[in-house]
Amino acid sequence: TAPGPRSYTTLRDEAVKLFNSLQQLESERDPVPLMQGVLQTCLDLPPLVDEIYCQLVKQTTEPPAPGGQGDLHYWQLLTCMSCTFLPSPPVLRFLRFHLDRTENRFPASEMAKYACFIREALGKTKGRECVPSLEEILVLMQRQEMICTVHCPGAPACSVAISSHTTAEEVAQELVSRLGLSQSPNLFALFEQSRRREQPVGSATLLADVLTRFE
């Protein structure tokens, strides 16, 4: 199920809890639920976004084992953060410096590949309605795209590769092109359907948010 409503204490207490979660992340065998929990807290408590970015930069600076599993878990969470939240301008500058420094010090390494991916994501991220789904976190950890299946009336279902930044309008335009409907005078849109309702998906809606709601 998708993360539900939570009860929180003070920002200070929640910051301490997040710090403890980051410490646990280093040795976690299955880090995905823990990562989603950190992201959910940041979504619910926006003042903590900068705090987590700074903590992750600290954890990925001079790590005991560069490129080790614990180090990569931090880079993977940083990747998920970059596809979900934008930090404040001062923290963003600090983060970009850290990404450049990592690529220069460890060229062609996994850390450098994450740094490059994060830089590109930060240029596209505008904020999310939902935290990444468990599936999205898994593909972000591999720096890959998700495969979204869209059912089209009168045509076979279509599989579309989407990123954390792909909008419903972009997917609709791709499907119109694939189905040879570019010259059609009709308007096309995506709909999300559940057992209870069917409703159009706003053109600017991120498909990744829709998939989280389904999860």
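Student: Leaving aside its neighbours within four places in sequence, which residues is Ser133 in contact with?

Tutor: Ser133 touches Gln36, Thr212 and Glu215, once those sequence neighbours are set aside. Contact here means heavy atoms within 4.5 Å. Before we go on: this is a predicted model, where local features need pLDDT of at least 70 and side-chain atom pairs count only at pLDDT 80 or more, while totals for chains, interfaces and linings use all residues. Residues are numbered from 1 along each chain as its sequence is written, and side-chain values use heavy atoms, with hydrogens and water left out.

Student: Where is Ser133 found, and is it buried or exposed?

Tutor: Ser133 sits in the loop between H6 and H7. Buried means under 20% relative accessible area, exposed means over 50%, and partly exposed is in between (1.4 Å probe, protein chains only). Ser133 has a relative accessible area of 2%, so it is buried.

Student: What makes something a helix or a strand here?

Tutor: They're DSSP runs: helices are H or I with at least four residues, strands are E with at least two, and both are numbered from the N terminus.

Student: Why is helix H9 called largely enclosed?

Tutor: H9 covers residues 207-214, and six of its eight residues are buried, so the rest of the structure largely encloses it. Those buried residues are Leu207, Ala208, Asp209, Val210, Leu211 and Thr212. Their cover includes H7, E1, E2, helix H8 (168-178) and strand E3 (191-193).

Student: How do you know that E1 and strand E2 pair?

Tutor: Two strands pair if DSSP finds at least two bridges between them. E1 and E2 (residues 158-162) have five bridges, in the antiparallel sense. Within that pairing, Thr149 stands opposite Ser159 in E2.

Student: Which residues of strand E1 are on its covered face, and which on its uncovered one?

Tutor: In E1 (residues 146-150), Met146, Cys148 and Val150 form the covered face, while Ile147 and Thr149 form the uncovered one.

Student: Now the helices. How are two packed helices described?

Tutor: By the angle between their axes and the distance between the axes. Axes are lines fitted to C-alpha atoms, for helices over the stretch in contact, and angles run from 0 to 180 degrees between N-to-C directions. Under 35 degrees counts as roughly parallel, over 145 as roughly antiparallel, 65 to 115 as roughly perpendicular, and the rest as oblique.

Student: At what angle do H1 and H2 pack?

Tutor: The angle between H1 and H2 is about 160°, with the axes 10 Å apart. That makes the two helices roughly antiparallel. Leu18, Ser21, Gln24 and Leu25 of H1 meet Leu34, Met35, Val38 and Thr41 of H2.

Student: And at what angle do the axes of helix H1 and helix H3 cross?

Tutor: The axes of H1 (residues 11-25) and H3 (residues 48-59) cross at roughly 30° and come within 11 Å. So H1 is roughly parallel to H3. Among the residues making this contact are Leu11, Phe19 and Leu22 of H1 and Ile52 and Leu56 of H3.

Student: Why are H4 and H6 called roughly parallel?

Tutor: The axes of H4 and H6 (residues 110-122) cross at roughly 10° and come within 9 Å. With that angle, H4 and H6 count as roughly parallel. Their contact includes Trp75 and Leu78 in H4, and Tyr114 and Phe117 in H6.

Student: What is the phi of Glu62?

Tutor: Glu62 has a phi near 55°, a positive value in a residue other than glycine. Most residues other than glycine have a negative phi. Glu62 lies in the loop between H3 and helix H4 (69-82), and its relative accessible area of 57% makes it exposed.

Student: What makes Arg143 count as partly exposed?

Tutor: Its relative accessibility is 22%, so Arg143 counts as partly exposed. Arg143 also has a positive phi, near 55°, and is found in the loop between helix H7 (134-141) and E1.

Student: How do you know that Arg29 is exposed?

Tutor: Arg29 has 82% relative accessibility, so it counts as exposed. Arg29 is in the loop between H1 and helix H2 (32-44). The C-alpha atoms of Arg29 and Gln69 are 9.5 Å apart, although 40 residues separate them along the chain.
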